[in-house]
Amino acid sequence: MEDVQKHSVHTLVFRSLKRTHDMFLSDQGNLPVRDDRSEWFRRQCKINAEYSVVKDLPKEPVKKHISQADNPYNKWPGQDTQGADTSREMMAYETSRIPPPADSNKALVTIGSQQALVPKKAPTMPKPDWHPPWKLYRVISGHLGWVRCIAVEPGNEWFVTGAGDRVIKIWDLASGTLKLSLTGHISAVRGVCVSPRQPYLFSCGEDKKVMCWDLEQNKVIRNYHGHLSAVYSIDIHPTIDIIASCGRDGTCRIWDMRTKACVHTLTGHTNTVAEVKCQAAEPQILTGSHDCTVRLWDLAAGKSRVTLTNHKKSVRALCIHPTQYTFASGSPDNIKQWKFPDGNFLQNLSGHNAIINSLALNSDNVLVSAADNGSMYFWDWKTGYNFQRMQAAVQPGSIDSEAGIFAMTFDHSNTRLITAEADKTIKIYKEDDTATEETHPLNWRPDIVKKKRY
Amino acid sequence: MALKISDILPAPSTRIFDRDDEERQIRAQMQIAPVISNRAAPPYGHRKGWIPRSQDDFGDGGAFPEILVAQYPLGMGQKKSSSNALAVALDAQGKIKYDAIARHGHGKDKVVHSKFQDLVPKQIDEDDPSFERPDEDSVQENTEKTRMALEKLVSGKIAAAMPVRAAEKQAPAQYIRYTPSQQGVAYSSGAKQRIIRMVEAQKDPMEPPKFKVNKKIPRGPPSPPAPVMHSPNRKVTVKEQQEWKIPPCISNWKNPKGYTIPLDKRLAADGRGLQGVHINENFAKLAESLYIADRKAREAVETRAQTELKMAQKEKERKEEHLRQLAAKAREERAGIRRGDEKGEEEVGDRDEIRRERHKERQRDRNLARAAPDKRNRLQKERERDISEKIALGLPNTGAGQQEQFDQRLFNQSKGMDSGFGDDEGYNVYDKPWRADKEAAQHIYRPSRNKDKDTYGDDLDELMKTNRFVPDKGFTGADASRRREGPVQFERFEEEDPFGLDKFLKEAKTGQKRGAEDTRSSRDYDRKKRRE
């Protein structure tokens with residue numbers, strides 16, 4: 001039996017105080033642990049007091065409820081009571097205004113959501129998704145001129161490039177070896193695309209030619225004759241057997257693949273049409289032009305449906321989102337995101353102050369813009385956050401001014417980015433596997449970005 | 001409650017449609033309080049101070065003559081306003097639709113963004129159904145619709161491009177039952193009704209187009225411009241302008257005025273002289289080693305030459321020794337007795353050999369001269385090759401030699417070329433008829449007999465003798481009676497010289513030449529000199 005050392009009451013009290021202090025010092029300043037029950041009561045009260053008018057919203061589609069059901073935020077006790085239904089709808093209403101935030105920033109965004117209810121405040125930028133940074137992975141040199149265009153085969157085994165040396169080259173995607181060279185153009189090749197439904201390759205060039213190559217014989221089998229000047233871009237319609245080509249004559253022409261007839265000549269642009277894209281949904285044709293406009297066309301009627309005049313400089317690049325019903329257009333002043341089918345303006349991605357030659361977008365919501373000075377900017381599609389900037393290095397023997405990217409595409413696995421450059425090389429980029437969110441953190445604060453209006 | 005007149009009166013036997021009644025009924029059903037705007041004109045006599053202002057004031061009628069105001073019932077007589085101002089249109093909230101002007105002239109389905117709201121950024125919300133791509137079915141439906149439309153266009157274009165097309169399929173015949181208004185036995189052979197079969201007239205598929213459309217149809221007016229949805233471009237600042245200033249290229253060859261820069265200045269300008277010349281030290285090493293190797297080789301060659309020289313000297317000494325021995329032997333022999341006559345026999349044999357060879361050669365020459373005249377001996381050949389001499393002496397060129405050949409003997413001589421042509425003043429080249437001795441004139445300019453027999457026939461001489469063209473005048477002194485055969489030939493007319501004066505003068509001119517011996521000797525001297 002040890003005898004306890006006698007202390008004065010004063011000392012004991014101070015010791016106890018110190019221990020308590022040590023014990024709670026670690027989580028001083030933290031919010032108290034949330035009591036779900038009281039929180040629920042608070043919400044109910046608030047709902048009844050403030051939102052009783054809008055409590056009963058019209059029923060959302062069933063699909064939405066399913067997506068909401070697995071949201072961890074929705075799970076609290078008392079969910080099966082009769083108030084749960086309204087709360088879920090309330091949640092749907094709230095989450096429709098803010099993107100589902102990451103856990104660490106829940107508190108902040110909750111504040112943001114309350115701000116979002118006040119319409120007067122300028123919207124803050126939501127937290128962007130983290131994407132791994134991209135790095136150079138392979139350089140392929142083989143062309144004798146500027147590589148102007150690029151396309152990946154639907155089977156994702158090879159890709160095709162066209163260059164200023166009038167040659168179309170086919171490369172193995174996995175190994176980067178040359179498989180085939182096709183000659184036939186008499187001037188620079190400006191556009192290539194591979195058909196997903198026929199063994200055909202289509203190319204267009206500055207010699208006003210639009211050619212159809214049969215890849216079983218590696219021969220030109222058709223010529224689409226009609227353009228009055230250089231043809232700058234070409235695209236295949238995904239579901240109908242037509243191709244669209246556009247060029248320096250300010251028109252976009254729709255060709256019937258088999259009969260070689262020019263179905264439509266889409267006139268309306270007042271300057272060179274730099275880019276054309278096709279999609280199956282309405283509007284089926286979109287063009288970007290040097291007259292600073294983007295036009296969406298009604299393919300059946302051959303008329304322009306919407307003219308977007310928001311750009312201040314010529315639009316040289318377009319890209320359609322693979323899953324969303326949106327698209328983006330790139331111009332030296334801004335990259336703009338739009339919504340189909342009417343071309344409603346969504347947002348600006350500003351910061352890339354160079355002549356943007358190409359845009360590429362993958363299903364991982366990574367948008368890449370590549371410019372004439374060799375700079376590449378990587379953006380998060382949803383928020384427009386620029387998470388990486390890159391300057392392509394020129395191959396040895398080239399001068400620095402030859403760093404320029406003319407075309408760019410993701411392969412069909414969305415893991416490789418292939419660029420066609422002015423230093424006569426093709427470069428392949430891939431995601432950095434070693435990077436994590438800790439090693440490459442997002443430099444983002446919710447209040448740093450105020451959206452510019454136009 | 002007042003009694004309605006319709007309650008008192010009996011129900012109408014025939015029902016007449018009245019729009020007012022209908023409206024009233026509908027209103028009664030829908031329980032809507034009727035709002036009647038009474039825009040009728042005041043009755044006649046009560047119109048003082050009232051002015052019809054709108055079309056409704058006129059009702060269905062015309063102008064009111066008692067109101068002394070310009071009136072345009074039904075807009076008649078009104079001038080059409082030339083203004084193209086749009087009528088003000090209101091939207092659902094009753095606000096003025098200002099975008100009507102932006103929409104004016106566009107098609108119905110054209111989307112025109114013109115509001116400020118269209119410039120405000122929106123957040124991408126993935127849960128919003130409007131952000132979802134249209135589903136498969138609607139896309140497929142859309143595709144099918146578009147495909148049909150395009151197919152129609154394509155087939156039309158292809159058909160138009162064909163020179164000949166298949167005959168168009170005719171629509172099925174239509175049958176029309178027709179009851180004529182004039183009924184009777186007299187009309188249409190008494191039938192009450194007729195059935196008419198209507199068929200489309202057949203078209204000739206090969207018929208050329210009736211109307212020429214060779215005029216280019218002018219393009220229609222372009223669609224009105226879309227509203228500009230961006231701020232006006234900023235003015236270019238001085239800094240930006242300076243950034244865009246690209247310096248002109250400076251040529252090494254031409255100055256700004258376009259004149260060529262002299263070579264020395266161009267070389268001075270390009271900075272080549274400013275560069276120090278760096279030569280790799282390996283060059284020096286290489287040069288040194290080459291030099292050493294060269295010297296060694298030379299030394300070796302020299303030593304070899306010296307040893308050879310020594311050996312040659314030794315050999316020479318040995319030979320001299322041998323000769324000396326021989327001489328001693330010969331002296332001994334001369335002093336003693338002759339040993340034999342082997343040497344004399346040898347010399348005779350040699351001479352015989354030479355003789356035989358000479359004989360053989362002569363025989364061969366003879367044979368050659370007899371058998372192959374083109375391989376004649378050299379003397380003859382040289383005689384024929386002597387062409388210029390012959391010309392100098394007035395002999396024709398009989399040889400067939402094509403290339404120029406000069407006889408050396410003619411050079412530097414006072415005879416032949418030098419003297420044969422005479423001096424420059426003397427005209428003695430063409431003073432004699434050419435080939436006077438031979439009958440060249442007889443044969444020249446005449447066809448060879450056999451060749452032209454078929455052209456002229458056998459009697460060529462006859463033809464030639466017929467004198468079809470007789471000159472009026474001949475040359476003085478020419479004998480006109482004598483027939484000339486061949487070309488005209490001239491001879492030097494020798495004047496008579498009764499006193500021998502000309503001859504004397506000629507001798508006096510050439511008299512200073514001394515004699516043949518002198519010239520001869522000088523010529524020999526020349527030749528000797530040349531031989532050396």
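Trainee: What share of the contacts in chain B with a separation of 6 or more comes from residues 24 or more positions apart?
Mentor: It's 30%. Contact means heavy atoms within 4.5 Å. Keep in mind that this is a predicted model: local features need pLDDT of at least 70, side-chain atom pairs count only at pLDDT 80 or more, and totals for chains, interfaces and linings use all residues. Residues are numbered from 1 along each chain as its sequence is written, chains are lettered from A in the order in which they are written, and side-chain values use heavy atoms, with hydrogens and water left out.

Trainee: How many helices and strands does chain B have?
Mentor: Chain B has 17 helices and two strands. Those are DSSP runs, numbered from the N terminus: helices are H or I with at least four residues, strands are E with at least two.

Trainee: And how much of chain B is buried?
Mentor: 9% of its 532 residues. Buried means under 20% relative accessible area, exposed over 50%, partly exposed in between (1.4 Å probe, protein chains only).

Trainee: Now chain A. How many residues of strand E3 are buried?
Mentor: Six of six, residues 158-163. Trp158(A), Val160(A) and Gly162(A) point one way, while Phe159(A), Thr161(A) and Ala163(A) point the other way.

Trainee: Why do they alternate like that?
Mentor: In a regular strand the side chains alternate between the two faces of the sheet.

Trainee: Which strands sit beside E3(A)?
Mentor: E2(A), residues 147-152, pairs with E3(A) in the antiparallel sense over five bridges. E4(A), residues 167-172, is also antiparallel to E3(A), joined by five bridges. Two strands pair if DSSP finds at least two bridges between them.

Trainee: What's in the turns?
Mentor: Five residues lie between E2(A) and E3(A), and Asn156(A) there has a positive phi of about 65°. Three lie between E3(A) and E4(A), where Arg166(A) has a positive phi of about 70°.
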